[in-house]
Amino acid sequence: MAHALRIAARGLGRTWPNPAVGCVIVKDGVIVGRGWTQPGGRPHAEVMALAQAGAAARGATAYVSLEPCAHHGKTPPCAEALIRAGVARVVSALQDPDPRVCGKGHAVLRAAGIEVTENVMQSEAIRANAGFLKRVTLGLPFVTLKLATTLDGRIATASGESRWITGPESRRAVHTMRLNHDAVLIGSGTARADDPDLTVRELGASHQPTRIVMDSGLSHSPQSRLGQNAKQTPVWLLHTADAPMEARAAWTGQGATLIEIASESGHINPRAALQALAVQGITRIFCEGGGTLAASLIRAGLVDDLALFTAGALIGADGQASLAALNLSTLKDAPRLTLRESRTIGPDAYSLWSF
């Protein structure tokens with residue numbers, strides 16, 4: 001099962017709205033087939049593993065990181081494929097909460113005489129499928145907020161200079177993290193200040209995450225780097241009803257997708273924005289916005305993980321803070337995070353925290 005979870009991770013950022021699943025088929029102590037969900041969400045992991053196993057699947061055990069599907073969608077049910085292949089036993093890590101599955105896959109297998117063992121490495125599977133699970137159960141994507149700061153929590157000098165606070169090793173790690181998310185999210189302030197491209201570079205990437213800008217008035221220029229290649233790599237712009245029609249037409253002409261979001265005091269409602277992205281199928285978001293967007297997501301309780309890159313540098317109180325105001329009145333109201341991992345990356349310190 002640990003191996004199934006490892007190979008499932010190869011699909012992260014590539015399979016949405018479907019989950020990234022891994023399947024390993026074992027017979028007489030030997031792996032005879034393995035597979036993971038392919039880009040776009042199909043073929044499914046079980047189908048890939050069964051194709052590799054061939055006749056050896058008969059009488060074998062299939063280890064699957066999520067309950068096999070039991071419904072007819074764009075592909076036939078994986079539970080039926082396992083039955084036809086003659087698999088004797090299925091071991092799953094987690095029940096699929098999708099109402100179309102949710103125990104039905106396991107029930108179909110048992111009805112066919114296949115032994116089913118559930119919840120093996122369940123906690124690891126929950127973590128691995130966090131984006132899919134949150135979208136299905138809460139209608140929201142899983143959000144990882146990335147911050148690159150100095151030791152005193154600054155992300156730029158007073159003049160706005162921020163390139164580069166952290167070293168090249170950290171920047172390469174950020175690109176790897178982009179690759180494993182469905183989408184990269186920034187705010188209009190970061191878009192205007194940095195004119196970022198937000199693609200994955202230097203890793204030989206075969207795909208790119210969807211690039212999303214939360215820009216209530218569509219103030220970012222369609223002639224920006226994002227606008228210039230929006231036809232090649234998807235760009236989505238979240239805006240309010242007040243966005244000018246001229247700006248809408250210009251961005252649409254560049255190939256961008258526009259999504260109108262409900263406003264709150266003239267600004268995009270962050271919860272409504274993430275709910276809209278979940279409706280579009282987004283399960284995992286990597287937020288690289290500035291302090292304003294970061295604080296708004298934290299205040300709304302929408303951030304799940306914080307990926308913090310810290311450089312051994314000091315800027316001082318005149319520099320730009322990593323977070324805008326959280327409007328806390330007492331220390332007990334401060335969010336308390338749990339450290340999941342920490343390590344050095346080049347000259348920088350990296351830590352991953354969960355809310």
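Phe309 and Tyr350 are both buried. Keep in mind as we go that this is a predicted model.

The structure holds two aromatic pairs. The angle counts as edge-to-face because it is over 60 degrees. This pair links distant parts of the chain: Trp16 belongs to the loop between helix 1 (2–8) and strand 1, while Trp236 belongs to strand 10 (residues 235–239), and 220 residues separate them.

Now back to our opening residues. Phe309 and Tyr350 form a tilted aromatic pair, with centres 4.9 Å apart and planes at 45°. Here too, distant parts of the chain are linked: Phe309 is in strand 15 (residues 305–310) and Tyr350 is in strand 18 (residues 348–354), 41 residues apart.

Five strands make up an open sheet with mixed pairing, in the order 2-1-3-4-5. At its edges are strand 2 (30–36) and strand 5 (115–117), each of which pairs on one side only. On average, neighbouring strands of this sheet are turned by 15° against each other, direction ignored. Strands of a sheet pair through backbone hydrogen bonds, either parallel or antiparallel. Strand 1 (residues 22–27) and strand 2 take the antiparallel sense, over six bridges. Which residue of strand 2 is the bridge partner of Gly22? The partner is Trp36. Trp36 has another relationship worth a look: the charged end of Arg10 sits over the Trp36 ring, 4.5 Å from the ring centre.

Our last stop is Asn269, found in the loop between strand 13 (267–268) and helix 11 (270–279). Is Asn269 buried or exposed? With a relative accessible area of 19%, Asn269 is buried, because the cut-off for that word is under 20%. The Asn269 side chain makes a polar contact of 3.3 Å with the side chain of Glu264. A polar atom of the Asn269 side chain also lies 3.0 Å from the backbone nitrogen of Arg271. Leaving aside residues up to four places away in sequence, Asn269 touches Ile261, Ala262, Ser263 and Glu264.

Key. Residues are numbered from 1 along each chain as its sequence is written. This is a predicted model: local features need pLDDT of at least 70, side-chain atom pairs count only at pLDDT 80 or more; totals for chains, interfaces and linings use all residues. Side-chain values use heavy atoms; hydrogens and water are left out. Two strands pair if DSSP finds at least two bridges between them. Helices (H or I, at least four residues) and strands (E, at least two) are DSSP runs, numbered from the N terminus. Axes are lines fitted to C-alpha atoms, for helices over the stretch in contact, and angles run from 0 to 180 degrees between N-to-C directions. Rings of Phe, Tyr and Trp (its six-membered ring) pair if their centres lie within 6.5 Å; planes under 30 degrees apart count as stacked, over 60 as edge-to-face and the rest as tilted. Buried means under 20% relative accessible area, exposed over 50%, partly exposed in between (1.4 Å probe, protein chains only). A charge sits over a ring if NZ of Lys or CZ of Arg is within 6 Å of the ring centre and within 35 degrees of the ring normal. A polar contact is a pair of N or O atoms within 3.5 Å; within protein, one must be able to donate a hydrogen and the other to accept it, and residues adjacent in sequence count only if both atoms are side-chain atoms. Contact means heavy atoms within 4.5 Å.
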